[in-house]
Amino acid sequence: MSKYISEELTEELISEMTNEHIYLIGGECGSGKTTAIMKNLYEYAKKGDSQILYLCNRSSLEEQLNESYFEAVKDHMTIGMYQAVTKYVEKHFSLPFHKMDFDYVVIDEAHLIFDASDYDINPLLFIEYLNHISSVVIALTGTPKGFCRLEKYLNRDIKMIREVDQKNYSIRNVYFTENYNDFKEYKRKYLEVGFKNLELTNTVYKFEKFKEENKRFRVANIASKHRRDFPSLMNTYDYEVREEVIKFEEMKCDALITTTAMEVGVNIKARENFLVSFNSLQMPSTIVQFASRIRVAKNDTFYVDLIFHLEKPSKKIINLMKDRLRKIDHFYKIYEDYENGLKKYDWALGEKDYFSGIVDCREFNPITKECLEEKIAYYEKFYESKNQNEDYEKLLSDLFPYSKIIDLQKHKVENFLDNFMGEKETVAFYNEKDKIDFRNKMKSLGIYSKNKLDLPSINLINKFFAKHKINYGLNQGKERLNGEKNQTRYWELVKHVV
């Protein structure tokens, strides 16, 4: 498989496209999805005097695309957002066909029609639009699964013309840890050796903490200009960094933090190595999409490492999602399905009425229902997990099968134990000072008692070894030393043969 999509989206392929299918292009990090559209498709449309509508889901990406391409493509391309379509329908209760007559419609980040349906878009209205237009439709995404979930709502079949090639990712190592201090320390070490750090958080409240932890470096946060609190979130330097990212795809600061609501769609060119960090649990599609924001050119030697802080999902957030789902289920129990609910009160598509408070039909559509069910199941799995490390390692291995997946706590403890043991298979601790020194070292490596002021017990240390599949164990024994009458209790550190 070739590295760049522009090598595959040929004039011959474009000429064979019809409005009988939706053409899905899977494109991994740096594969050139946007470039292929802006050059190959645009040149083909220009020859035939055709018009292209390029739709994206993020206002920041719309800004970035217009900055980069508007002048070059304005004669045969309009760049807009999904929401421009759905808001028109909600406002006028009709589909804007007379204003949307394009030969080609390109849907960027197409997975978000499903994945963001619980908060950011009215998915059924957008599907209605796709089902009524006569345009050739091309969908772009680095995570095709979400878009493929929509096929049952579409009146065209989805035709995959390119699979995601996971070998093409520039991601080298993927680290994860439950210990926030290790997470913070590892990021600092990367910054000190010249890496840049891009971080994704679940809330803007963590912006200030991020800046405080990295105050020795040039640090910024960015947010969408459509946020109501945008002026209070952005200082002068933040705004300068945001402008640089939007206009030139360059990150002038050392460390940059943003939220899932931004900004996952903004691209940054790699001019050096990067560490991309996640300080909270995210959905798999968000993980892959955010990791791919750093674009490494084909012949560059830069690489991207990832690091995850394994924080248990918030039960409060899970319960809020469940409350929303209960309301949706109640709606379906009364009206049987979404269409009956609309017809019952003669609602137009997207109109609002009262049902346990204000109802926007967007909330009660089956795509949003399905999306919420999937997210609840995902977050509950990690909330209830008896071995979060093992479950997360499997998730990351599935997402990045060609990268090295490293449990950071396991890595640190194993390195210490290997160096401590050397060539020996066993080491005994006969006096209390040696035992306490060893327990102190285990505590410094992140093995904590319930009371963090206490030292970890032998049982707790062994549980940690078992949980992280570390091939060592501590045994207890008794032995008479130097002919003494009383036996001495000792610990024995044993290296298990794999």
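Select strand E1 (residues 21-26) together with strand E5 (residues 136-141): five bridges join them, and the two run parallel. Strands here are DSSP runs of E of at least two residues, numbered from the N terminus, and two strands pair if DSSP finds at least two bridges between them. Zoom in on Tyr23 and you'll see Ile138 of E5 opposite.

A quick word on what you're looking at: this is a predicted model, where local features need pLDDT of at least 70, side-chain atom pairs count only at pLDDT 80 or more, and totals for chains, interfaces and linings use all residues. Residues are numbered from 1 along each chain as its sequence is written, and side-chain values use heavy atoms, with hydrogens and water left out.

Colour E1 by accessibility next. Six of its six residues are buried (under 20% relative accessible area, with exposed over 50% and partly exposed in between, using a 1.4 Å probe and protein chains only). His21, Tyr23 and Ile25 cover one side, and Ile22, Leu24 and Gly26 the other.

Jump to strand E8 (residues 196-201). Six of its six residues are buried, so E8 is largely enclosed by the rest of the structure. One side holds Lys196, Leu198 and Leu200, the other Asn197, Glu199 and Thr201.

Finally, bring in the partners of E8. Strand E12 (residues 274-278) runs parallel to E8 over five bridges, with Ser277 as the bridge partner of Glu199. Strand E10 (residues 255-259) pairs with E8 in the parallel sense, again over five bridges, and Thr259 sits opposite Thr201.

Notes: Helices (H or I, at least four residues) and strands (E, at least two) are DSSP runs, numbered from the N terminus.
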